[in-house]
Amino acid sequence: MQIRKLGRQGLEVSEQGLGCMGMSEFYGARDDEESVATIHLALDLGVNFLDTADMYGPFDNERLVGRAIAGRRDQVVLATKFGNERREDGSWVGINGRPEYVRRACDASLTRLGVDHIDLYYQHRVDLTVPIEETVGAMAELVAQGKVRYLGLSEAGAATIRRAHAVHPISALQTEYSLFTRDPESDVLPVVRELGIGFVAYSPLGRGMLTGRYRSPEQMGEGDTRAARFPRFAGDNFERNLRLVDRIEEIAKEKGVTPGQVAIAWVLAQGTDIVPIPGTKRRRYLEENVAASEVTLDQETIDLLSEAVPVGAAAGDRYSDMTTVNR
């Protein structure tokens with residue numbers, strides 16, 4: 001597993017990370033023991049970049065990750081997020097970027113994770129009621145106090161990124177990016193590259209659809225909320241998107257790899273400043289994802305994939321409510 005740099009402040013991570021969200025919520029039944037084993041295997045395989053957030057669970061995912069990394073903290077680059085405020089019962093409060101909340105949320109995350117510092121602390125969503133300068137100012141205080149090492153933003157728009165970076169260096173911008181979701185190429189990627197900010201690509205597998213494992217929403221199982229939360233998994237959109245997956249599968253078959261591996265390899269090929277964080281809660285899928293780092297795509301294959309899934313080809317919005325992204 002190679003190492004990539006995120007930003008210019010010294011943050012270095014494995015070229016793939018592990019998204020931990022689905023271990024605790026949204027993607028069906030939980031199996032905490034298998035999830036812990038998956039995190040342990042990730043570390044054994046050289047995947048040191050773990051991604052969680054306080055809202056996942058809510059709160060359970062940070063506790064799970066904290067339990068998994070106990071005794072192995074020095075092997076981990078730990079990222080978590082604040083800003084999507086939820087209550088313990090799972091109900092939603094709203095997006096919160098107020099300085100006093102930033103401080104409180106960080107202390108709570110440190111406690112749940114069982115660590116004395118967070119390596120990369122993201123604002124999960126931008127709060128339009130609070131100037132970004134105030135939110136990042138509070139985040140910068142956490143750096144000065146030693147509670148946080150590097151700062152990040154998630155789903156922030158180009159203008160917000162510039163304003164935030166002027167207050168304190170931003171090391172990473174996290175946004176959905178995959179063969180299905182290429183909108184960052186038009187505005188966000190150019191800005192972060194100009195400013196020297198790393199790019200963390202979440203859902204590089206299109207929330208699992210790009211693996212080719214799902215041929216109908218019913219296959220996802222009880223408790224899986226993808227069809228309800230993400231229009232690409234609902235109705236006619238699902239069938240239209242499967243046709244795109246079929247084309248990716250053909251290309252993958254020619255290379256002797258899985259469609260999911262092709263999808264991750266495509267993201268890795270977009271630049272050494274990009275780090276995909278495919279999520280999984282099972283060891284067998286983790287091993288498949290990690291093997292994607294050994295898949296080299298020549299320019300001809302990259303062009304074929306771009307033709308198979310051109311910009312804007314995926315049917316349906318990323319979220320049922322798009323008002324909280326790219327702000």
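This report covers the sheet, the aromatic pairs and the charges over rings in a predicted model.

## Basis

The model is predicted: local features need pLDDT of at least 70, side-chain atom pairs count only at pLDDT 80 or more, and totals for chains, interfaces and linings use all residues. Residues are numbered from 1 along each chain as its sequence is written, and side-chain values use heavy atoms, with hydrogens and water left out.

## The sheet

Eight strands form an open sheet with parallel pairing. Their order is E3-E4-E5-E8-E9-E10-E11-E12. Strands (E, at least two residues) and helices (H or I, at least four) are DSSP runs, numbered from the N terminus. Two strands pair if DSSP finds at least two bridges between them.

Strands E3 (17-19) and E12 (274-277) stand at the edges. Each has a single partner strand, so one side of each is left without a neighbour in the sheet. From one strand to the next, the twist averages 25°; axes are lines fitted to C-alpha atoms, and angles run from 0 to 180 degrees between N-to-C directions. Strand E8 (residues 118-123) runs parallel to strand E9 (residues 148-154), and five bridges join them. Gln 123 has Leu 153 in E9 as its bridge partner.

## Aromatic pairs

A pair of aromatic rings is described by the distance of the centres and the angle of the planes. Rings of Phe, Tyr and Trp (its six-membered ring) pair if their centres lie within 6.5 Å; planes under 30 degrees apart count as stacked, over 60 as edge-to-face and the rest as tilted. The count comes to five aromatic pairs.

Phe 230 and Tyr 319 make an edge-to-face pair, because their ring centres are 5.6 Å apart and their planes stand at 65°. Phe 230 lies in the loop between helix H7 (226-229) and helix H8 (235-255), and Tyr 319 in the segment after helix H11 (299-308), so the pair ties together parts that are 89 residues apart in sequence. Phe 230 is buried at 1% relative accessibility, and Tyr 319 is buried at 12%. Buried means under 20% relative accessible area, exposed over 50%, partly exposed in between (1.4 Å probe, protein chains only).

Phe 233 and Phe 238 form a tilted pair, 6.1 Å centre to centre with 55° between the planes. Phe 233 is buried at 3%, and Phe 238 is buried at 1%. Tyr 177, Phe 199 and Trp 266 form one aromatic cluster.

## Charges over rings

A charge sits over a ring if NZ of Lys or CZ of Arg is within 6 Å of the ring centre and within 35 degrees of the ring normal. Arg 207 lies over the face of Phe 230, at 3.9 Å from the ring centre. Arg 213 lies over the face of Tyr 285, at 3.6 Å from the ring centre.
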